Amino acid sequence: MRFTKEHEWAKLDGNVVTVGITEYAAHQLGDVVFVELPANGSKLTIGKTFGTIESVKTVSDMYAPVSGEVVETNSELEGNPALVNESPMDAGWIVKIKVADSKEYDTLLSEADYKKICE
Amino acid sequence: MANYIPTTPAEVQEMLGAIGVKTIDDLFAEIPPELRLQGDLNIPEGMSEPEMTRKLTRLSQSNETVDDKVCFLGGGAYDHIIPAAIDHLLLRGDFFTAYTPYQPEVSQGTLQCIYEFQSLICGLTGMDQANASMYEGATATVEAINMATAQTRRNRVLVLQTVNPEYRRVINSLNTPLGAEIVSVPFEDGVVDPAKVHEMLNNQVAAVVMQYPNFLGCIEDIEKIAEVAHEAGALAIVVANPIALGLLETPGKLGADIVCGEGQPLGIPLSFGGPYVGFLASKKALLRRMPGRIVGKTTDIDGKIGFVLTLQAREQHIRREKASSNICSNQALMALNATIYLSLMGREGIREVAGQCFQKAHYLKRELAKVDGVTFPFTGSFFHELVVKIPNARKVLGKMAKHGVFAGIPLDNWFANLKDCVLVAVTEKRSKDEIDNYCNLLGGFING
Amino acid sequence: MAEPLIFDLSKDGCRGFTLPALDVPEVDPADHIPARFLREELPLPSMSELDVVRHFTRLSRLNHSVDIGFYPLGSCTMKYNPKVNENMARLPGFANLHPQQPEESVQGALQMLKTLEESLAEITGMDAITLQPAAGAHGELTGLLIMKAYHRKKGNHKTKIMIPDSGHGTNPASCSMVGYEVVNIKSDPRGGVDIEDLKSKLGPDIAGLMITNPNTLGLFDENIGELAHLVHSVDGLVYYDGANLNAIMGWTRPGDMGFDIVHLNLHKTFSTPHGGGGPGAGPVGVKKHLEAFLPNPRIQFDGKKYRLQTKCRESVGPVLGSLGNFLVLVRAFAYILVNGREGLKNVSAYAVLNANYMMQRLKKTFDLPYDRFCKHEFVLSGKGLARHGVKTLDVAKRLLDFGFHAPTVYFPMIVEESMMIEPTETESKGTLDCFCEAMEMIAREAAENPDNLKNAPTKTPVRRLDEATAARKPDINYFQKPE
């Protein structure tokens with residue numbers, strides 16, 4: 001599993017990366033009330049926003065950790081955005097991206113490096 | 001002179017002592033001397049309350065009101081009957097001296113009233129959701145257009161020429177700076193032909209903006225226009241008169257995606273143009289595009305029902321430069337005014353107000369048809385407002401005013417091709433005698 | 001028990017108002033309007049007049065308001081709203097005017113508006129005023145449109161507006177609405193604009209600076225003259241957010257500080273009631289070189305008659321469907337007449353006295369991040385309470401139990417756990433003392449019995465509400481239950 005400085009995690013499986021927000025981010029946001037998901041098939045560019053995540057008192061952009069095409073979004077979140085708080089690293093995943101260039105994944109932060117950012 | 005400051009001179013000394021300064025001036029010391037106002041403001045000395053009251057009363061009396069005259073003016077603001085109970089409730093300090101319900105535990109009154117307002121607007125318009133209100137009709141329409149351009153990611157907007165021309169000017173001022181391209185669609189016989197709209201639609205059009213009934217009083221075929229808009233992937237925005245919706249089918253059922261408009265007809269005094277209240281309602285898919293405040297129902301930690309401002313992440317204080325609108329207030333007191341009006345009038349009352357408006361306007365038309373020289377440029381259906389062509393209209397309007405009647409609004413202010421055409425509105429407040437008198441006077445001035 | 005909704009109080013057959021009987025011969029609407037445009041259902045309640053009066057009276061009693069108690073909401077200027085102004089706004093000669101009446105029939109109204117324009121120009125040190133904007137945010141939008149029109153006319157290519165990090169949330173949102181990008185400017189250790197940071201971001205692409213002075217910390221920026229000069233040096237314009245004008249009326253004027261554009265909040269400084277969130281009024285003032293861009297129509301006096309001039313070639317165009325929130329303007333005019341030049345200066349004097357008095361006392365109990373004389377408001381930090389597991393939010397909620405409204409909390413964002421307190425000039429020393437005592441007692445409770453804060457409020461009509469569920473499953477329309 002890799003991380004970004006925008007507090008997202010990314011997990012590569014074959015050529016598909018699953019993306020979510022970290023425990024730290026979920027805690028900082030507080031009660032998540034809505035996740036704006038990209039459309040299936042949309043093309044994402046590394047570092048660019050692909051959606052937003054709203055809590056009661058704030059809103060943050062989500063940034064694509066890698067470039068590629070959206071192959072699936074977590075439709076559970078539409079009816080139950082609280083999943084992001086309950087299980088940010090697993091059931092609360094947000095989007096799956098078919099990577100264009102797997103080298104991008106390797107440039108993401110390791111868990112140890114990410115932990116340093118959160119301190 | 002009169003002042004609203006309760007602090008006594010002795011208390012001032014005590015307070016200055018506690019702060020550790022000698023005079024109040026010391027508290028302004030960091031304002032650089034060159035920026036200090038030298039001398040006094042050049043405005044008059046203060047007055048006592050009775051002096052001010054006398055001055056403003058005199059000034060107000062130099063105006064001629066719609067009660068001094070008989071008012072047949074409309075064009076977006078209408079002279080309706082206003083139940084007395086409304087103002088007594090609005091004058092409760094608990095309502096009018098409260099602020100935005102930032103602390104919901106001590107703002108349930110305001111919050112529940114807004115929830116009721118939102119629901120009433122949904123009921124009238126046939127929409128899924130409404131916000132807590134906008135400034136007034138024109139700016140509500142501007143926001144509706146912003147919603148549509150954001151939702152469709154397109155920037156051309158077709159605005160029917162039969163939409164209130166004052167609104168169209170505000171749209172030009174406020175929607176174009178963000179890149180919206182406003183295209184107006186011409187009318188024939190008082191309405192816009194849906195085929196004309198169809199012809200002008202393409203895949204760059206975000207929305208078609210239409211009015212119901214339209215500015216010229218005619219009932220536009222919003223159903224057909226919404227249909228052609230949807231075929232092109234554009235949204236249908238309907239500017240509606242809420243009183244007309246006591247009689248007319250909801251824009252929701254006729255295909256509107258967004259309904260907005262002016263709430264003044266709902267028991268708000270004419271007030272020389274404001275404060276009024278704008279309403280904005282939409283279909284479910286547009287929920288997160290809605291600007292402004294929205295109140296939601298929820299429960300407190302004891303399980304008791306309560307209300308809160310909700311979906312706040314859409315708003316400027318959180319989203320800052322990414323917010324789709326900068327509005328940070330609503331017309332809460334005017335929304336309350338409309339809510340009390342709709343509660344008092346109720347289902348039967350609103351049907352009757354709308355019915356009487358319709359009946360009296362149609363009676364006026366039948367009677368005017370008997371006056372030599374009067375013609376009707378448009379043939380379609382109308383609700384309570386119609387265009388009447390009168391020879392030397394401006395001159396005749398002037399004479400009518402001198403004889404106690406505000407007889408209508410000359411349309412050549414906005415439409416060069418409607419010379420001598422006058423927009424005449426008839427509400428439930430007008431009596432048969434007043435309408436008969438209107439026709440008699442008019443006949444006399446045209447033919448006299 | 002909770003107050004039922006009007007829909008639940010509805011009883012078929014009830015009427016709350018009786019119209020005069022229809023006195024014209026009837027026709028069948030179906031003969032005149034196609035059936036598909038006639039509605040069948042009308043989902044409105046049916047209630048008696050007394051039921052309506054009781055419902056709204058009961059609801060009103062669930063609100064806190066200025067008439068009931070202290071309302072120290074920072075940056076909102078919750079001062080007393082003089083009762084006589086309500087009478088003035090209800091004079092038939094003002095309330096019963098149609099906006100499309102002939103000009104000759106509304107000369108008194110136009111004279112009132114013109115005189116108010118002149119008074120506001122004098123108070124702000126500007127040359128011309130428009131009364132059209134309906135609220136502060138609407139005024140901001142209008143001011144920025146004027147700024148844009150100015151640069152367009154001069155052929156300037158400007159894309160950015162500078163805003164201090166202490167600015168109101170509406171400032172950046174307004175910039176976006178006219179297509180300007182926002183450049184955030186840092187605050188310096190004294191709470192003013194960091195001049196070095198501003199200089200480093202200054203360039204030919206800067207359209208202007210938008211600033212509140214005193215700022216949202218309640219602090220007057222002494223460097224305002226230099227800031228204005230710097231921005232002018234790149235042909236930028238300086239915009240004054242008038243939310244905090246209550247601090248300086250009659251003492252200094254935005255026009256004299258170098259500002260080109262000003263908006264005012266009449267519902268703050270000029271005591272027009274907030275009405276539960278509106279209506280307000282947000283007039284905009286400009287210096288001479290920007291007058292031509294003001295929204296039309298403009299009110300003109302030719303020595304005999306007041307007229308509405310609509311043909312203003314360079315105008316940004318109308319920003320509202322009318323001349324403004326007229327009856328709000330009437331109230332503000334009445335307030336200015338009663339106060340006069342001396343009274344207005346006193347307003348600011350006492351507003352500043354009250355704020356400093358409270359600040360001196362409360363800084364002994366709470367953190368005061370910027371310890372210098374404030375103007376009309378000051379900002380405390382509740383961060384010191386964290387050791388008891390208590391937050392500013394808990395202090396705010398506990399204050400409600402004492403019968404006070406809470407200060408503005410968590411704004412400005414540059415102060416951690418902020419509490420922004422604005423007493424206004426209309427509060428007595430006795431009230432200020434009571435509030436300070438409550439704050440001190442709450443601070444003691446935080447240490448001794450923090451649950452009193454965390455469970456607060458307990459004495460209000462409802463207790464803390466579930467905002468997460470409200471946003472996740474919005475129930476915002478009686479006719480549509482959430483899924």
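Which residue of β7(B) is the bridge partner of B:Val239? I looked this up in what is a predicted model, and the partner I found in β7(B) is B:Cys260. I then noted how the two strands run: β6(B) and β7(B), the latter covering residues 258–262, pair in the parallel sense over 3 bridges.

Next I turned to what packs on these strands. I found that helix α9 of chain B, residues 222–231, packs on the sheet and touches β5 and β6 of chain B, with a direction that makes about 155° with that of β6(B). I also followed α6(B), which lies across β3, β5, β6, β7 and β8 of chain B and runs at about 160° to β7(B).

For the sheet as a whole, I wrote down an open arrangement of 7 strands in chain B, in the order β2-β8-β7-β6-β5-β3-β4, with mixed pairing. Its edge strands are β2 (129–130) and β4 of chain B, each of which pairs on one side only.

I then checked helix α7 of chain B, residues 165–175, and recorded that it is mostly covered, with 8 of its 11 residues buried; among them are B:Tyr167, B:Arg168, B:Ile171 and B:Leu174. When I asked what covers these buried residues, I found that the cover includes α6, β3, β4 and β6 of chain B together with α6 (136–154) of chain C.

Notes: Residues numbered from 1 in each chain as written. Chains lettered and ligands numbered in written order. Predicted model: local features only at pLDDT ≥ 70, side-chain atom pairs only at ≥ 80, totals over all residues. Buried ≥ 20, exposed ≤ 12 C-beta atoms within 10 Å, placed from the backbone. Helix = DSSP H or I, 4+ residues; strand = E, 2+ residues; numbered from the N terminus. Contact = placed C-beta atoms within 7 Å. Pairing = 2+ DSSP bridges. Axes fitted to C-alpha atoms, helices over the stretch in contact; angles between N-to-C directions.
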